[in-house]
Amino acid sequence: MPAAKSLRDEIIKASNAADADNDPNRNNIESLDYNPLDDIMDLFNGSESLADLDSLMAYTNGYKLEIEGEILQRECDYNQRLSEVEKPSMELDKLQMQLDELLLEFNSTKRLAENTGATINSMTANIKKLDSCKKNLTLSMTILKRLQMLVTAYDALEKLINNETTIRDYNQIKQLLSAVLELMQHFQTYKSIDEINTLNKKIVSMRNRVIDEIFKDFEAEFNETLNNPTILQACDILDILGKAYRDKLTNWYVNVLLKELTGIFRSSEEAGSLENLNRRYIFFQRILTNFQQVHSKMFPKDWKMPIALSNRFCEVTRKDLKEVTAKETRLNGPHVDANLLLTALAQTLDFESYLNQKFKMYSDFGDSTTFNFDRSISDVFEPYLNVWIDHQGSIIERKFLDYLNPSSMYRKSGVAEGGDNGSDVGHRKNSNSEEKSEVVTDEGINVLESAADLFRNYRQMLGQLAKLTHGRPLIRLSKLFSKYLMEYQRRILQILIPDGNKLLSANAQEQAEVIDIVCLVLNTADYCSTTTSQLSVKLCSLLEPKELSKEIDFSSLEESFLDMVTHCMTAIYSKIDGDLQYAWREMANNNWRMMKEVTGESRHMTSIKSTLNEDCELIFDKLNKSSYARNFIDKLAELVVDDMTLNIVKLQPITEVMAEQFILDLQTLKGFFLNLPLKAAYGAKIKGSPNFGKFISSKISEVVALMKVLMVPHKPTDSYIVNYFGNIKDSNFNNFVKTLKLKGMLRNDATFEKDKFKYMDLFKTQLRSFQETSDDNLDESNSFIERLNVDKMTSMSSRSKYTSPTIVQTPSISPSVGSNISSFFNSSRPNFNIDRHHLEKNLAKTFSDNKISFGKFFKKGAN
């Protein structure tokens, strides 16, 4: 390694660089063209510079010694480096010598191995030759042995077949023929040998002869001129020879067995007419029975000959029916014979069901193959299904006469499965799971028996038609369903709704009966709406192609039933509202101005609770689900609290004692509603729901918060405003003005604007102070106070000017009867609003006209 440069070297280098900068034409000290005279002249540029000659000579000698020492050090380093380079070179020479020796040993070993291999090959050449001879000898012996076995089996098989004196033993023939064919497979590569080729031809000829003999024996068996107990093994032989021979035998047998049937029931003959269609089915059933009794032992079970027979019969019958129906003037003429078509269709459906049931045994015995004969014949009638659908309409029309029978009109049902629909098309139980009702049944749901029966008829009609087609006839059937559902609503449900005056009757027994009927109609309307929705889904799932499902729309029909639910609920709530009028009059007639202190709940609260208890006992018995009762109580609580708020507003000015009394009454009302579910059999579930308690508390707390504000004296005004912020929790001055009006302030019209501005300044000042000192965030406006009308109102007008703070939402329609009674009952929170003035004015007329006139107050934005 070269030694590092000394400080002096760096100085000289820098000096040289400086010199180069000063004089570009001057060579530096390390240059080969360096001229020392240039530097000497620079150092001794005058006589006064000679005084520094001694010091310069001393410096020059020192620098010279230093350079000599550096030269010696570099010579030592070079010699050391050179010695280090020579040592590895010697080691490499040594390794090269060892590698040469190793290669010599390897070549010597290779030559030795080649010599050894040559010696061994010469020694084992004879042994290999003997092994080859042994292998060829063994193969020859094996071929000869197999050839001997083949010839022996062939001779034995030939004797069995040529023996005409005895019945052929197909069991032995099967064994010998299987052996011959298997052995012959080994000689296919030796067919170039003449003897082997000749033997192969004889075996092929023998196989064909066996096939001919099998067919002859089956023909003799069929003609009952032969009784060979081993004929079943002949089928096994055909299976061995190939599927083509098996198909040939089955086709021959099926054609022979059905020859008489096709001759008798030819489409051109009278026996082949639609009137004699059932005779054709009975005739084939006898053929199947005869096969089971006589010929079933001739064929293996895995051949499934009854299935083959039935499939061929269905093909032939379908072809004949197409010709017959095309020529039948009673189906294509101006006067269609519906009874003829329906009878033939019913017989065909019964026959297909008979085949499905008969061959269900295969799956019962573990056969994974399923056999379905639906539409195998009946789809011939698809072009004439309109006749069938129209006939179903006449059947439903006759059913309506039974529904309108006074003795059965009010009959209730739990929509249980079962029952016959009375249709002319088949009176049988269907095993097909696709025909099961889409109606979700629920124990204890009280609906009219006529509604349940109508949908049972629909279910069976749909199941029968779905067997025949998945096309446009289903759309036509859906229109028939829609028509008679609308008829059911108009002719059955609407006329059952009682007169509205009976709801307000003083006769308790008559009121109970009317409530029972109203709830029955309500349940039935909801049942029809929900089941109609499910019927629509089922129809759409059956249609092919799926684009046809766009033509099925039951939405208006479902909406119509929901309107009827709304109608019934309006009637129930109007009855409760009417029953509460006595309590509200009692509240208005109380001498509130003379009240000095709060001693207990008000008298009118006793009347309210008594009235609600009586009405709820009537209604709870008719509501069969906890969800029904839950929503009913929610909306009842909203109705009562809203009415109580209206009546409190009418009592203005409200004193501090009155506000305190109302708080006590509201707390009493809250406890009453929280315990009201216990009057129902399933009320514990409702009461235990945290959402129920939260809702009741929220409804009561809105009014209680207002009363807490009114309970505080209006002077000092600053304290009153702070109390308003703490309870109402909004920053809306207009809402604050409403509380002043309720307390009797701002009643002078002459000074109203002046006093209002005075309160506005105080309100803004306290608002800024409250926001600066309190962590509570105030809303822009309290919705309850914002909707509250506190202006002077008459008794009747006050009832129509107050709008419930609840925002009405459109409830979803549940797909299950068991999960809701209506869209009203399915809402997550009460959404009930009534224009009471309009209701009281038109209630009697509405019920007497049997029309729904209150609109859809379940729709979003209804008032």
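Q: What percentage of the 863 residues in the protein chain is made up of buried residues?
A: The model is a predicted one. A residue counts as buried when its relative accessible area is under 20%. Of the 863 residues in the protein chain, the buried share is 44%.

Q: How many helices and strands are there in the protein chain?
A: The protein chain holds both kinds of element. The strands number two, and the helices number 31.

Q: What share of the contacts with a separation of 6 or more in the protein chain is accounted for by residues 24 or more positions apart?
A: The contacts in question are those in the protein chain with a separation of 6 or more.

Q: Are helix 21 and helix 23 roughly parallel or roughly antiparallel to each other?
A: Two packed helices are described by the angle between their axes and the distance between the axes. For helix 21 (residues 603–620) and helix 23 (residues 656–675), the axes come within 11 Å and cross at roughly 15°. Angles under 35 degrees count as roughly parallel. The two helices, helix 21 and helix 23, are therefore roughly parallel.

Q: Is the crossing of helix 21 and helix 23 left-handed or right-handed, and which residues make the contact?
A: The crossing of helix 21 and helix 23 is right-handed. From helix 21, the contact is made by His604, Met605, Ile608, Lys609, Leu612 and Asn613. From helix 23, the contact is made by Asp665, Thr668, Leu669, Phe672 and Phe673.

Q: How do the residues of the contact of helix 21 with helix 23 divide into nonpolar, polar and charged, and what are the numbers?
A: Three classes are represented in the contact of helix 21 with helix 23. The residues divide into two charged, three polar and six nonpolar.

Q: What separates the C-alpha atoms of Ala659 and Met711?
A: Ala659 is placed in helix 23, and its 0% relative accessibility means that Ala659 counts as buried. Not counting residues up to four places away in sequence, Ala659 touches Ile654, Met707, Leu710 and Met711. Ala659 and Met711 are 52 residues apart along the chain, and their C-alpha atoms are separated by 5.1 Å.

Q: At what angle do helix 9 and helix 12 pack, and what is the hand of their crossing?
A: The axes of helix 9 (residues 277–295) and helix 12 (residues 338–358) are 9 Å apart, and the angle is about 15°. Helix 9 is therefore roughly parallel to helix 12. The crossing of helix 9 with helix 12 is left-handed.

Q: Which residues in helix 9 meet helix 12, and what classes does the contact have?
A: On the side of helix 12, the residues are Ala344, Gln347, Thr348, Phe351, Tyr354, Leu355 and Lys358. They meet Leu277, Asn278, Tyr281, Phe284, Gln285 and Leu288 in helix 9. By class, the contact of helix 9 with helix 12 has one charged, four polar and eight nonpolar residues.

Q: Where is Pro545 found, and is the peptide bond from Glu544 to Pro545 cis or trans?
A: Pro545 is found in the loop between helix 18 and helix 19 (555–579). The peptide bond from Glu544 to Pro545 has omega near 0° and is cis.

Q: Where is Pro653 found?
A: The peptide bond from Gln652 to Pro653 is cis, with omega near 5°. Pro653 is found in the loop between helix 22 (626–650) and helix 23.

Q: What is the phi of Arg375, and how exposed is Arg375?
A: Arg375 sits in the loop between helix 13 (361–364) and helix 14 (385–403). Although Arg375 is not a glycine, its phi is positive, at about 65°. With a relative accessible area of 28%, Arg375 is partly exposed.

Technical notes. Residues are numbered from 1 along each chain as its sequence is written. This is a predicted model: local features need pLDDT of at least 70, side-chain atom pairs count only at pLDDT 80 or more; totals for chains, interfaces and linings use all residues. Side-chain values use heavy atoms; hydrogens and water are left out. Axes are lines fitted to C-alpha atoms, for helices over the stretch in contact, and angles run from 0 to 180 degrees between N-to-C directions. Helices (H or I, at least four residues) and strands (E, at least two) are DSSP runs, numbered from the N terminus. Angles under 35 degrees count as roughly parallel, over 145 as roughly antiparallel, 65 to 115 as roughly perpendicular and the rest as oblique. A crossing is left-handed if the near helix is turned anticlockwise from the far one by less than a right angle, and right-handed if clockwise. Contact means heavy atoms within 4.5 Å. Ala, Val, Leu, Ile, Met, Phe, Trp, Tyr, Cys and Pro count as nonpolar, Asp, Glu, Lys and Arg as charged, and the others, Gly among them, as polar. Buried means under 20% relative accessible area, exposed over 50%, partly exposed in between (1.4 Å probe, protein chains only).
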